[in-house]
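Here is a short report on a protein model.

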Amino acid sequence: HNIKFDETLMKFQQDWGPITAISFRTDGHPVMAAGSPIGHIALWDLEEKKLMCQMQDAHSTAIAGMSFVPGEPLLITNGADNAIRVWIFDGPGGTGRVLRSRTGHSAPPTKIRYHGQNGEQILSAGQDGTLQSFSTVHEKFNKSLGHGSINKKKSKKKGLKLDTMALPPITVFASEVAHQSDWDSIVACHQGYITCTTWNYQKTSMGAHKLRPEEFSKHKPIDIYATAVDITSCGNFAVIGLSTGRVDVYNVQSGIHRGHYGKERAHEGAIRGVAVDGLNQLIITAGSEGLIKFWKFKTKDLVYSTELSSSPNGILLHRDSGILGIAFDDFSISVLDIETRKIVRTFSGHHGRINDMTFSPDGRWLITSSMDCTVKTWDLPSGCLIDCFLVDSAAVSLTMSPTGDFLASTHVDDLGIYLWSNRSLYSLVSLRPLPADYEPSMVTRPSTCPVQDVDVAGDEEMCDEMIEYVSPEQLGEQLVTLSSLLESRWKNLLSLDVIKKKNKPREPPKVPKSAPFFIPTVPGLIPQYVAPEEENDTQSKVVNLGVLAQKSDFYIHLEEALSTNEYTAPLNLLKSLGPSNIEIELRGLAPEGGGSVEVMLSFLRMIGMMLTKKYNFQLAQAYLALFLKLHLKILSSQPNLLEEVSRLSVQLKETWIHLQTLFNQSLCVLTYMKSALL
């Protein structure tokens, strides 16, 4: 249509249904591109008024939008199949080829897991039947492993739309990076299908083997299907659980069946989860009848069986720490230690089916998602809920990065994978247990749709700020608390005279004499200088203050404490002094140093207060030792001082006997643990 003259120039008709998008090429070629609801693109020549060529199956669904880059032979298209493609028109015939593309799942993902230990790739299985790898670094490293197919050659001939060989969507998969360059490294279970498939991550394609029991090699049962899968840490074996309760082992490299657990089947009910430990010693299976069984991996003998409180929904093993997370049908979670084979933690708080679980890399946190739209973080050492947030759509699958920096999640009816950053890595986060009546706040997920501006200032005020913890001086009255002063401030108080003697110079420093302008000489034939006269300046520089000595702050505080009985101020003052100043202060307490017997008594009471309250314990010992060394003669001649010293001696003896008993008990236990054969 010519807008200027308001007249119709030409009309075109396409047989694929309504036109969904239109774009004009602007690099000198009179071409118009039109999109269709079935994914085809028609290119029309505007000069000759005819169809120039077709680009069939540009997208697997309707073309949602298209646009030619101004002045370039490039067409950008996107469709409802969650793909965006750039086409370049540089070949004969005017048709375009794919220059670059970015694709995601065309149906919501059902299972995601991190692949490898660098935390850069996430494997994702979707309801569209594809297995894809997404990079957390850059989108150019994304790759698709394709659709699952019974026969790849026949599927390629028929094409995607007419493919009757396509496998159902993947429900569960397991991957391992060991030997991934040698053979297949991913094993997957399909919905309602007994055969498990292998996938090759290096070749980004489906693997060569189909893993299923030998008796079902010729016919496929309808009501038997694979429910759980795990791959060993060495990448050699795959363990597959079936809905009949059977657990089989296969060699991943050759696809050969290597046996099964139990006489006929491992469990009476369907298998809800299988897990292999990090050393290929144990395999753990969970059945819907409520049993957890431990088997020897190599000999396939049953080692231990324990009954659970409810039917398990799924299990997850943290191989490094040997901790097994169990989700139940009654919405509770238990944590089992595979070494002791006992349940060590039980968590409850979800109000819907638990969809998925994941451990933090160090095994301290267990993160769970449920159909009640909450994602909860449980701290295993303390057994408490430390984080909980609410999303508008329930998280179907969770996985934590091996480096601990991201938590990835997929949600109901959502095509994307969401990354949540771990705030504890870059900021102070309070990990206090949440109260029982905690109401989680709704967290909005990022989206491409424009949303109304939300005032985030109020949310920032309500956020949980880190409260700085101030440690009390004494945690408990029965505890002996040491001071946090450096050792150099108190450890060498008794050795100060030795240190001063070592540091004393051998001879006093001499002041260099100033030379005269004219140096005198001795009269004679040979000129000689006059020898300098020796000065005998032996005057002492030490001033005897005597009665002029002033009272120090420490001395004044001790005098005041005699009446108030408060010794905190003199103690804090003494703690702020260096070793030499402490010795000077203690010397000044004696009568010959300008002090008095009452002040010496006050000092002993201060030491008694420190021993009674049991804090600054090593300072009390050091100060008292120096005091006794300096004033032993005066103490023996004053009965009131002797009485106070004897009282301190009893206190010291009681405290030390108590400490020595605790030390001996701990040493005895440690010696037993080292020597005993446990």
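Ala622 sits in helix H8, which spans residues 617–630. Helices here are DSSP runs (H or I) of at least four residues, strands are DSSP runs (E) of at least two, and both are numbered from the N terminus. The model is predicted: local features need pLDDT of at least 70, side-chain atom pairs count only at pLDDT 80 or more, and totals for chains, interfaces and linings use all residues. Residues are numbered from 1 along each chain as its sequence is written, and side-chain values use heavy atoms, with hydrogens and water left out.

Ala622 has a relative accessible area of 10%, so it counts as buried. Buried means under 20% relative accessible area, exposed means over 50%, and partly exposed lies in between (1.4 Å probe, protein chains only). What does Ala622 contact, leaving aside its neighbours within four places in sequence? The partners are Trp490 and Leu493. Contact means heavy atoms within 4.5 Å. Asn492 is 130 residues from Ala622 along the chain, yet their C-alpha atoms are separated by 8.6 Å.

Arg85 belongs to strand S7, residues 83–88. Its relative accessible area is 18%, so Arg85 is buried as well. Not counting residues up to four places away in sequence, Arg85 touches several residues, including Leu75, Val98, Arg100 and Thr103.

**Salt bridges**

The whole structure holds 20 salt bridges. The rule asks for a side-chain nitrogen of Lys or Arg within 4 Å of a carboxyl oxygen of Asp or Glu. Among them are these:

| Pair | N to O distance |
|---|---|
| Arg25 and Asp27 | 2.8 Å |
| Glu215 and Arg246 | 2.5 Å |
| Lys551 and Glu559 | 3.5 Å |

How exposed are the partners? Arg25 is buried at 13%, whereas Asp27 is partly exposed at 24%. Lys551 is exposed at 52%, and Glu559 is partly exposed at 30%.

Glu215 forms its salt bridge with Arg246. Glu215 lies in the loop between strands S16 (205–211) and S17 (226–231), and Arg246 in the loop between strands S18 (237–242) and S19 (247–251), so the pair ties together parts that are 31 residues apart in sequence. Glu215 is partly exposed at 42%. Arg246 is buried at 12%.

The protein is divided into domain 1 (21–103), domain 2 (109–307) and domain 3 (552–677). These bounds come from an automatic or database domain assignment. The C-alpha centres of domains 1 and 2 lie 39 Å apart. Across their interface, 5 residues of domain 1 contact 6 residues of domain 2. The buried area is about 400 Å², with 39% from carbon and sulfur atoms. It is the accessible area (1.4 Å probe) that two parts lose on being put together, summed over both. On the domain 1 side, Ser60, Arg102 and Thr103 lose the most area to domain 2, together 82% of what that side buries.

How many salt bridges cross between domain 1 and domain 2? The rule finds 1. Glu139 and Arg102 form a salt bridge at 3.5 Å, N to O.
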